[in-house]
Amino acid sequence: MGWLVAWFVCFPGQEKLSCRGISVVCKILSFKQQKDFFFFFLILSEVQSNSDSTVKVLKMSWFWFYLPLRLLMVACLCHSIKDPTTSSQQSFRTDLFNFYHSLILADGKETTVHLLKDIPRRYYFVLEEGRALAPFTITVTPCDVPIEWSILVHKASASFLGKAARGDHDTQEDSKSQEASSMVSTIFNYKGNSVETYMGMSSHSALYMLEFLSTERDTHITVYLTTDTTSGHLYPELPMDPRIDVIGIGHTTVTLTWKHSPSVLQHRENIQYCLLVNEKHNYKSLCAAETAIRSSGMKLPPTLALSLSPYLLEPQQVMILSNSELSIINRVSSGEVRQICMGTKNTYTVPNLRPSTQYYFDVFVVNLLTNASAAYTGTFARTLEEPEPKVTELKDGRVIQVVLDGKKQKFYSLQYQARHKKIQFTFQLCRGQVRVHITKNGKTVASENISGLRYFSLKGKLLDTYLVQLRSTEETNSSVKVQVSPHFHKPLFPLLPESLKIKSFSKLRTCNSVTIAWLGTQEESKYCVYKKKIEEDQVWMELRSADRCSGPESRHKSEKVLCKYFYDINLQRAVTTETIKGLDAGTLYLFDVYLFGPSGIPVRYHSKVVKTRKRC
């Protein structure tokens, strides 16, 4: 009979229930039945609203459909609380929270909520008994797409519920005070992807419901409820002006500054600033940034928490949003986001940016104890355009040496306007590895990595414009000599043999002598031999740093062994040997051979390291 009355009262087609009807129903039902009634409709409403994700019409309409049931449920709860049996009251509250704990928001704790598309998710909270009136705050942080969320409250007059419990009813009085005594209202609603905080006042006679809905796709959010406003905040505080100011822009740098967070001034050792840089857009929270990194393909740990430990974070350290590791997020791995934590400094210059590129900057103040953060208002800036590379004019017959920076990987440009139809470019690699790119009137005519001595003979028209671009292909500096000339019959560099290697004969080594050999040419040329005593740990550095364009003038006079002239018409017999004597036993020597042509410009053979025998 009690259930029939409940069904009749709860479906009159009206949005507000009769307090007398509620009282009657609650009196008809025993206390045990009230609990069953409460749980039945609570579960029924949640199951109905979450059971079928394909039925879109369930969204918000289910709430209004079951609103009368919820009101009756709450009224019975209040009626049971007024029941004089204290043990029964406590048992009912305990059963409620234990049975449906997953829907009750924890006080003072951040809760992660996963939302399925078009399916509302609801959470509830009530205050502990004995608290007449207290402030509370709710902070919701969307971690991806915009969401809809609202706060609904059912308030019941304590005096009226007291009368209902005692059975003191007056029909006329009840009808007049019905609307004031029992009311369900939406006190807050929001749609968007910004972090929103609601502050209000609550009492023990109010039941609150939070409803969340994502209409774009599956996502997740974080919800923080607290009724304790006297202790410290979970989230760090933002200054009155939370904007980020751009105070300097360069070709590859942007300098930012922002006002200090009050939390930094109060708890300096537990607060840190982190800067997020990307090329797409600003992020309104750290969890939104992590979601973007995850969706871009970077492998992240499954956790969504941010773990920053004071002993792990040092100034200028770059970190990933994770609770298990600190690592770099750069353009190579993610193509999008990188984060830098700089302690409590509120001015920072972002380095290594690309010229003429727009970047978005977000600053977050992070509480290292609570792992919570607050976002400043993001900004953006465009780096300056890279200046046109300086172009050096080449002149006929003139030799220039170019040093290339391997770290910056920039092109060095040379320009030449032809005064003859046939010209020749000559490149002598001095150190490192160099890439040569030659264009004629904007069209590529040659492009390759060079080694040793390299000639390019080109044909064209008078006044053709040639542009030579040089770039180091190594991270270390490289250097190269360049010459352009129309006079093919007067080469600047000497005629070279097929190989510039120096050979040593192991069987001819003694304790004080070494025999070496090298190739010559059909042209009579001058060859000079130099030696240098080195240590074993210097071999790699000597060979690596050798400048193949430098001549004997860079060597000490004591290192000179001999100079000789040599040639042979038959190339197969154009080989010469030399035995160097007066060496120390068991010692490493570095041998060099320089070839001089008609112009006097030397070409250096590849260095050779030989060790004399220890015992003979």
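**Ser472 and onwards**

Reply: Ser472 counts as buried because its relative accessibility is 1%; buried means under 20% relative accessible area, exposed over 50%, and partly exposed in between (1.4 Å probe, protein chains only). Before we go on, this is a predicted model, where local features need pLDDT of at least 70, side-chain atom pairs count only at pLDDT 80 or more, and totals for chains, interfaces and linings use all residues. Residues are numbered from 1 along each chain as its sequence is written, and side-chain values use heavy atoms, with hydrogens and water left out.

Me: Ok, where is Ser472 found?

Reply: Ser472 is in strand 25. Helices (H or I, at least four residues) and strands (E, at least two) are DSSP runs, numbered from the N terminus.

Me: And what does the side chain of Ser472 reach?

Reply: The backbone oxygen of Thr476, at 3.3 Å. The Ser472 side chain also makes a 2.9 Å polar contact with the side chain of Ser478. A polar contact is a pair of N or O atoms within 3.5 Å; within protein, one must be able to donate a hydrogen and the other to accept it, and residues adjacent in sequence count only if both atoms are side-chain atoms.

Me: Switching to the core. Which residues touch the most other members of the largest nonpolar core?

Reply: Phe425, Phe427, Ile438 and Leu470, out of 24 residues in that core. A nonpolar core is a set of buried Ala, Val, Leu, Ile, Met, Phe, Trp, Tyr and Cys residues joined through side-chain atoms within 4.5 Å.

Me: Which strands supply at least two residues each?

Reply: Strands 19, 20, 21, 22, 23, 24, 25 and 26. Strand 21 gives the largest share, 4 residues. Apart from this core lies another one of 23 residues, with Phe493, Ile516, Trp518 and Phe591 among them.

Me: What is Phe427 in contact with?

Reply: Leaving aside neighbours within four places in sequence, its contacts (heavy atoms within 4.5 Å) include Val436, Ile438, Phe456, Leu470 and Val482.

Me: How about Val363, buried or exposed?

Reply: Val363 counts as buried, because its relative accessibility is 0%. Val363 sits in strand 15 (residues 358–367). Not counting residues up to four places away in sequence, Val363 touches Ile244, Trp258, Tyr273, Cys274, Leu275, Ala374, Ala375 and Tyr376.

Me: Now charges. How many salt bridges does a search of the whole structure find?

Reply: It finds 14. A salt bridge is a side-chain nitrogen of Lys or Arg within 4 Å of a carboxyl oxygen of Asp or Glu. One of them joins Arg555 and Asp592 at 2.8 Å, N to O. Arg555 lies in the loop between helix 11 (539–544) and strand 30 (560–566) and Asp592 in strand 32 (residues 588–596), so the pair ties together parts that are 37 residues apart in sequence. Both Arg555 and Asp592 are buried.

Me: What else does Asp592 form a salt bridge with?

Reply: Arg604, where the closest N and O atoms are 3.0 Å apart. That pair links strand 32 to strand 33 (residues 602–604), with Asp592 and Arg604 12 residues apart. Arg604 is buried too, like Asp592.

Me: Which residues are linked in the network of salt bridges?

Reply: Arg555, Glu559, Asp592 and Arg604.
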